Amino acid sequence: MRVTLITGAASGLGWQLARACHARGDALLLTDIDSTGLAARIAELGEERVLGLSGDITDPALHKQLIDACRARFGRLDVLINNAGITHRSPTVNTAPAVFRKVMAVDYHAPLELTLTALPLLRESTGQVVTIGSMAGWMPVLGRAGYCAAKSALGQAFEVLRAEIARDGIGLLMVYPSFLDTPIERNALGADGRPAAHARSTVGTIRGADWMAAQIVAALHRRQQRLFPDRGSWLASLLWRLAPGFYYRKMSQRFAGEMA
C-alpha cells in the first residue's frame, strides 16, 4: 500500500489532494496547523488508513514527529506532498519585515527542511516528492514581493535537489499553478500581518482545487518532473522574459488595486 504525507491538508488544495490520494487507495499522513479542521477531515475520510498530526509546519520538531509517525504507523513513505503555503497582499514598501519572514518560513524553509528530513524513508521506497510552487516564482506580481521571492527560492532549490536525489531513485514533481480558488488567498496577510483588507487581483482563469488535485495525481502516476497547468500564466512568464517593459505596463494596470 502506498503511503502519502500531505502538508496543509485541512482545506483547499491539500484537502482535495487528500481526497484524491485516498480514493486511489493510499494510506495518508495528514498535517495542518488547524487542528480542528484536520480532525474533521480525518473523520470524513475514516480513520482506518488515515493518520493526522497537527502543528506548525515551520517547526523542525514537527518534521521529525511526522517522519517518526509515518515509520511507526505505516513503516514506509512513498509520496511527500509539500502543499502548505501562505501569501500576502501588500505593497513592498509598506510591509512589515515580519510578514516577509513568515512567508519565507512557510513557503520556502519548511518544505525544503521537511523534504530533507523525509529523504531516508523516501530512499527506501524510491518514492516521490511533490512541491507546490507558483508561476509567481517565475514572474513579478505587484503586492506579492515576499510570496514571489519565496516561491522563486523554492523552485530553484527543488530544481537543484531533483538532480541530487535522482541518484537515489527519488522522483520530484514541481507544480507551477497560477490562481486557484483556495483559502490561501482568502487568508492572505496584509502589510501589518493581519488579514489583507482588499480583494485579490488575478490573471487568467481561476481554477478549482479539485481540478488541480486531479492534474497532480495524474502527473504523479507518470512520474512527471514539472507541471504547468495554466497555459495562460506560462505564456505570461514568457512575456516577462521577452518584453519586460510591456509586461510591467499590463501588470500595473491589472494589479493597481494591490498598491492601496
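Select Trp138, Tyr176 and Phe228 together: ring pairs link these residues into a cluster. The model is predicted, with local features requiring pLDDT of at least 70 and side-chain atom pairs counting only at pLDDT 80 or more, while totals for chains, interfaces and linings use all residues. Residues are numbered from 1 along each chain as its sequence is written, and side-chain values use heavy atoms, leaving out hydrogens and water.

A search of the whole structure finds three aromatic pairs; rings of Phe, Tyr and Trp (its six-membered ring) pair if their centres lie within 6.5 Å, and planes under 30 degrees apart count as stacked, over 60 as edge-to-face and the rest as tilted.

Next, display Trp138 with Phe228. This pair is edge-to-face, at 5.4 Å centre to centre with 80 degrees between the planes. Trp138 lies in the loop between strand 5 (128-132) and helix 5 (145-166), and Phe228 in the loop between strand 9 (226-227) and helix 8 (231-242), so the pair ties together parts 90 residues apart in sequence. Helices (H or I, at least four residues) and strands (E, at least two) are DSSP runs, numbered from the N terminus.

Tyr176 lies in the loop between strand 6 (171-175) and strand 7 (180-181), so its pairing with Phe228 ties together parts 52 residues apart in sequence.

Finally, colour by accessibility. Tyr176 is buried, at 2% relative accessible area, whereas Phe228 is partly exposed at 29% (buried means under 20%, exposed over 50%, partly exposed in between; 1.4 Å probe, protein chains only).
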